[in-house]
Amino acid sequence: MVGRERELQLLNEFYSDPRTNVLAVTGRSGIGKTALVRESIKNRQSVFFTAYSTTDVQQRALLGKAAGIEEETPTLEQIFEKITEMAEEGTAIFIIDHYADFLKTDPSFPETLHKYMESKWNTGTVKLVFIDSSFIQLEKGVYGSKALWRDLKPVVLPLGPLYFDEAVKMLPPSDRLTLSEIYGITGGIPILLEIAAEQMKSSSEDAVWQSIERIFLAKFFDFKGSAENILEKELREKAYYDRLMYSLSHDFQRVNQLSEQLGKPKDVVVPYLSTLMRLGLVKKENPVTEPTNRRKTRYSLVSDCDRFWYQIIITNYDAYCRDDTEAIRNYWNEHIAEYMKPVFVRICHEYLVREAAAGKLPFSIKNIGSWWENNEATGESEGFDLMATGEAEGKNAYIFARCFFKEEQVDMMDVKELIDLTKKIHNKISTFYLFFSVNGFAENVQTVSETIRNIMLIDLKDML
């Protein structure tokens, strides 16, 4: 499976680990949870059941059929005994996809399953895997502090989007800029990458816009893993969360800014943000050198797909409702660089981590993130796109980076601006200045880089 080698290894380790028998696979719809687990049980003895929102009688009928029982409406005990018999021949893996629907069917369903695990399957002969896109339901039902399965120490395997170098393996060959923009609109979500790949094969010209039309504008956006669908499914009060997501997509990242946008006090906004973080939609960060400085905490959307929806589509919602794709296209063309900048920063981040781990850089990386300082008068922030701490030749080192997603080449003004900014955290330790660009570097910048060893130039075309 593309990009899921580590997760497959973790699943295989779980199947052979006698210390725990329960695992929960989480992640938004379309991220590849079901495909991953199906791949992991190839050539293994297993029962794969997809629960359905229905009555207890039909749920048992469906489960019995998945377990190979001919009787139309078997009892849970009959079904679980069949799995017990399977386990006599070696470890059996019992997977319940859409576990939230199984939980809702009848309280006796999870309770009976738990009793079997405690009394008959506790020697590791049966492994349970629960899959669901509902973070809150899995937390409540499987691994939360009051969850039924908490005493069995369940393992949690969260599935996130693919990294850029993994995502491009799902796409047809194309220029690096097109691939990066496709990655930016899909957020690295496999099911959306598959849609984009199909579009790229049928229409190589203007592939990015054609993919946008296919994913977001083919009548109304109905991707089950979208932020709006997650909010609708998980929360009772959706309006303020939608407004919060919209504000975050437009770079209002601090609590006081978000409070002003929502018209709510800060002590109300913070719990909203906490809920969005529980849902995997929002993340918070601090400058890499100040991890506990609350005054510098800022929040952002996890998925670029969500950011595209709120930043590009909802900003043009009237045009969206009128099917005025031309207006949306014009807005997108005007704002590509602005939208793609955070995507490119993410790609550069992944590249640095990957190259440093492979020993291909003149420094190692211990911590990586970004660094900024707030201007309280303007409400804006200034800083580095990326900053890392590490070692070079046995000494501590700082690595500062700027990522340029613009039509112009990086020039000496850009270089000077970064170096001047680093003086605000001046230190005598080794320092490296990294410049990433999608459109190359001016000749004088290349000359300086060849002369000064700690200035590194990295072009997008060299990052894959």
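This note sets out numbered points on a predicted model, moving from single residues to the packing of helices.

1. Basis of the note. The model is predicted, so local features need pLDDT of at least 70 and side-chain atom pairs count only at pLDDT 80 or more, whereas totals for chains, interfaces and linings use all residues. Residues are numbered from 1 along each chain as its sequence is written, and side-chain values use heavy atoms, with hydrogens and water left out.

2. Helix H14. Helices (H or I, at least four residues) and strands (E, at least two) are DSSP runs, numbered from the N terminus. Helix H14 comprises residues 255-262 and includes Ser259. The buried residues of H14 are Val255, Gln257, Leu258, Ser259 and Leu262, where buried means under 20% relative accessible area, exposed over 50%, and partly exposed in between (1.4 Å probe, protein chains only). These buried residues pack against H13, H15 and strand S7 (298-301). Just after H14, Gly263 has a positive phi of about 70 degrees.

3. Ser259. Why does Ser259 count as buried? Ser259 is placed in that class because its relative accessibility is 12%. Contact means heavy atoms within 4.5 Å. Not counting residues up to four places away in sequence, Ser259 touches Lys264, Pro265, Lys266 and Val269.

4. Glu81. Helix H4 (residues 76-87) holds Glu81, which is partly exposed, with a relative accessible area of 26%. Neighbours within four places in sequence aside, Glu81 is in contact with Tyr116 and Lys120. With Tyr116 there is a polar contact between the two side chains, at 3.0 Å. A polar contact is a pair of N or O atoms within 3.5 Å; within protein, one must be able to donate a hydrogen and the other to accept it, and residues adjacent in sequence count only if both atoms are side-chain atoms. Trp149 lies 68 residues from Glu81 along the chain, and their C-alpha atoms are separated by 20 Å.

5. Ser437. This residue belongs to strand S11 (residues 430-437). Ser437 counts as buried because its relative accessibility is 0%.

6. Helix H7. In H7 (residues 135-143), the buried residues are Phe135, Ile136, Leu138, Gly141, Val142 and Tyr143. Their cover includes both strands and helices: strand S1 (22-26), helix H5 (99-105), strand S4 (126-132), strand S5 (155-158), helix H12 (227-234) and helix H15 (266-278).

7. Two residues with positive phi. Most residues other than glycine have a negative phi, and most peptide bonds are trans. Lys153 is not a glycine, yet has a positive phi of about 50 degrees. Lys153 sits in the loop between H7 and S5 and counts as exposed because its relative accessibility is 64%. Asp251, also not a glycine, has a positive phi of about 70 degrees. Asp251 lies in the loop between helix H13 (239-249) and H14, and its 54% relative accessibility makes it exposed.

8. Helices H9 and H11. Two packed helices are described by the angle between their axes and the distance between the axes. Axes are lines fitted to C-alpha atoms, for helices over the stretch in contact, and angles run from 0 to 180 degrees between N-to-C directions. H9 (residues 176-186) and H11 (residues 207-216) pack at an angle of about 15 degrees, with axes 9 Å apart. On the H9 side, the contact is made by Thr178, Glu181, Ile182, Ile185 and Thr186, and on the H11 side by Ala207, Val208, Ser211, Ile212, Ile215 and Phe216.

9. Helices H9 and H18. The axes of H9 and H18 (residues 325-357) come within 9 Å and cross at roughly 90 degrees. H9 is therefore roughly perpendicular to H18. In this contact, Ser180, Glu181, Tyr183, Gly184 and Ile185 of H9 meet Trp332, Ile336, Tyr339, Met340, Val343, Arg346, Ile347 and Glu350 of H18.

Technical notes: Parallel < 35°, antiparallel > 145°, perpendicular 65-115°, else oblique.
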